[in-house]
Amino acid sequence: MKKFFTSKMKKSNWLVYAGVILAFVVFQVMSGTGALSSTMEGQLVPVCAYVVMALSLNLTVGVLGELSLGHAGFMSIGAFTGAVTAAALEGAIPNSGLRLLVAMIMGALLAAVAGVLVGVPVLRLRGDYLAIVTLAFGEIIKSIITNLYIGMDSTGLHCSFLNLNFTMQDGKMLLNGPMGVTGIEKISTFLSGFLLIMVTLVIIFNLVNSRSGRAIMALRDNRIAAESVGINVTKYKLMGFVISASLAGAAGTLFALSQNTIMANKFDFNTSILVLVFVVLGGLGRMWGSIIAAATLTVLPELLREFSDYRMLVYAIVLILIMLATNNPTLKGWFARIFKRKGAEKE
Amino acid sequence: MLSFLNHLINGISLGSIYAIIALGYTMVYGIAKMLNFAHGDIIMVGAYVCFFAVSSFQLHPVVGLLLAIIVCTVLGTLIEKLAYKPLRQATSLAVLITAIGVSYFLQNAAQLLWTSNPKLFPDIFNGAAIKLFDGELIITVSTLVTIAACIVIMILLTAFIDKSKTGKAMRACSEDKGAAQLMGINVNRTISITFAIGSALAAVAGVLLCTTYPSLVPTTGSMPGIKAFTAAVFGGIGSVPGALLGGILLGIIEIMAGAYISTSLSNAIVFAVLILVLLIKPTGLLGKQIREKV
């Protein structure tokens with residue numbers, strides 16, 4: 001913590017913190033005065049979870065420079081670990097905030113373990129092959145959780161795979177295979193979501209500004225050059241990847257504990273892609289971009305509600321147009337000229 | 001033993017479909033170096049076109065197939081022209097996200113046009129089947145047609161790439177775009193042709209897929225698309241024989257895992273095998289090892 005205050009922070013990082021705090025205060029006041037519609041109110045915690053997901057994936061894609069198509073897998077691990085932990089500890093820890101914290105730490109830890117398991121062999125692969133293995137990992141996690149049964153009664157925890165082969169007299173099912181976790185007590189609050197975003201930002205900014213962060217970025221920019229000046233490839237890649245995985249796990253817990261039910265199908269390839277869209281639209285390596293993109297695009301389908309059936313179609317078109325506008329050299333030059341002219345007029 | 005043979009044949013049939021889809025992925029990747037995530041949804045469009053031609057307009061299935069091929073080729077070329085061509089100089093991630101946008105677009109357009117109610121694809125072959133060993137070994141005609149179609153497509157495509165002038169241009173582009181351009185090859189046109197061929201193949205795959213698995217919804221193409229993509233990587237992306245090998249192996253593994261281990265785990269097993277293969281041979285089964293130069 002000492003290092004956090006003494007290290008020279010970039011001005012833009014402080015702006016990101018300030019922006020997040022400001023947004024939190026504004027939305028908290030709005031929800032307090034009833035200015036938010038009930039659907040928007042329900043979106044607050046999921047938005048926080050997706051912001052953390054986007055930040056965590058930005059660490060992998062933007063800072064580490066590896067394309068991951070299975071980030072929802074880590075989110076899934078965090079979500080189910082968190083939901084099961086929270087349900088199991090319902091009697092042991094009556095304080096919901098503390099229970100959420102414990103559940104989140106468990107979710108992050110298990111996701112980190114998965115991150116090590118996937119990362120050690122996988123980070124040897126390059127480029128698109130890494131992408132496909134992470135995709136495969138996400139699908140495997142989905143299948144495994146769909147076939148997992150966990151129950152708890154007075155004698156303790158019961159667990160089985162593929163088939164439900166234990167019986168309980170007085171207990172309850174914590175995880176019921178394809179039906180997922182049902183009847184979750186919603187203990188995630190907007191405040192906890194906000195705190196998780198802040199913690200994530202502190203972790204990422206400190207990592208990026210540290211010696212390890214510079215090593216990670218050096219590997220991204222030129223692996224061979226970095227390796228030849230003595231940077232340990234596996235160590236630093238794994239470090240970035242595991243931190244990213246554990247943050248995704250925490251986001252998963254936050255998300256799960258704001259829903260009534262979660263099923264493994266929720267965290268499929270499409271979710272991974274959705275988060276990747278946030279990251280790329282927000283800008284690789286730009287944390288504030290990820291935050292804005294994740295928040296806007298999570299709420300956008302709700303805002304497009306008046307288009308009803310057409311909203312996802314509009315969403316797709318908007319996505320394509322934004323990509324074309326920001327990446328096509330002709331259009332980019334065109335935009336640059338317009339903004340330049342505007343700037344000149346001001347002068 | 002006979003049931004094993006049955007599963008093997010089913011696996012090869014499913015694998016043939018994966019192989020045809022994987023060809024589209026692998027060719028586009030080999031030349032444009034992009035992952036075309038909308039490929040799976042072109043399969044779906046092809047299947048819908050054939051479905052409406054056969055069941056609503058009472059056309060002959062072959063006509064339906066031809067229509068599907070034409071529509072998909074036009075659609076593929078159009079998508080390439082509108083969405084991918086402006087991004088030729090952009091980073092591969094930007095193109096990837098655009099492809100995802102196109103995929104969303106196609107899925108949602110299909111949902112609006114044809115609703116998400118599953119359509120039962122007509123049984124083109126009237127369930128005809130060859131029964132051997134007192135009916136213990138059943139080979140449906142659709143299985144035979146699928147496998148035959150895969151073989152024919154492979155032979156034609158290999159001949160096209162090896163012998164024709166356009167094929168030569170494609171090979172040149174995949175090796176070095178700049179040098180190809182200097183030799184007077186129209187790189188943009190070659191990429192467009194690749195997309196057209198890939199989309200035509202997707203239409204064939206869509207129709208074949210729906211003769212085997214007749215329930216047709218707007219998301220029909222996405223899972224086979226992802227699996228075919230893994231098949232392409234499995235065999236070594238960018239390699240045509242690799243796509244065939246990867247597709248068939250993937251199909252067999254999937255059916256066998258479903259039959260002997262667990263249906264609900266078959267996907268997990270397929271992907272686990274993929275990870276193992278990539279760990280042992282990081283460029284896929286038939287992929288070329290590219291040496292890194294400093």
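1. Starting with the interface: the rule turns up 0 salt bridges between chain A and chain B, a salt bridge being a side-chain nitrogen of Lys or Arg within 4 Å of a carboxyl oxygen of Asp or Glu. Keep in mind that this is a predicted model, where local features need pLDDT of at least 70 and side-chain atom pairs count only at pLDDT 80 or more, while totals for chains, interfaces and linings use all residues. Side-chain values rest on heavy atoms, with hydrogens and water left out, residues are numbered from 1 along each chain as its sequence is written, and chains are lettered from A in the order in which they are written.

2. What does the contact consist of, then? Chain A puts in 45 residues and chain B 45 residues (contact: heavy atoms within 4.5 Å). About 3,800 Å² is buried between chain A and chain B, and carbon and sulfur atoms give 80% of that (accessible area, 1.4 Å probe, that two parts lose on being put together, summed over both).

3. On the side of chain A that touches chain B, the elements giving two or more residues are helix 5 (96-122), helix 6 (127-146), helix 9 (223-228), helix 11 (269-282) and helix 13 (311-327) of chain A. Helices (H or I, at least four residues) and strands (E, at least two) are DSSP runs, numbered from the N terminus.

4. Now the sheet: chain A has an open one of 3 strands, order 2-1-3, with antiparallel pairing (strands pair if DSSP finds at least two bridges between them). Strand 2 (156-161) and strand 3 (172-176) of chain A are at the edges with a single partner strand each, so one side of each has no neighbour in the sheet. Strand 1 (residues 148-153) of chain A is joined to strand 3 of chain A by 4 bridges, and Y149(A) sits opposite N176(A) in strand 3 of chain A.

5. Over all chains, the structure has 7 salt bridges. In one between E66(A) and K237(A), the closest N and O atoms are 2.5 Å apart. E66(A) lies in the loop between helix 3 (38-63) and helix 4 of chain A, and K237(A) lies in helix 10 (residues 233-256) of chain A, 171 residues apart.
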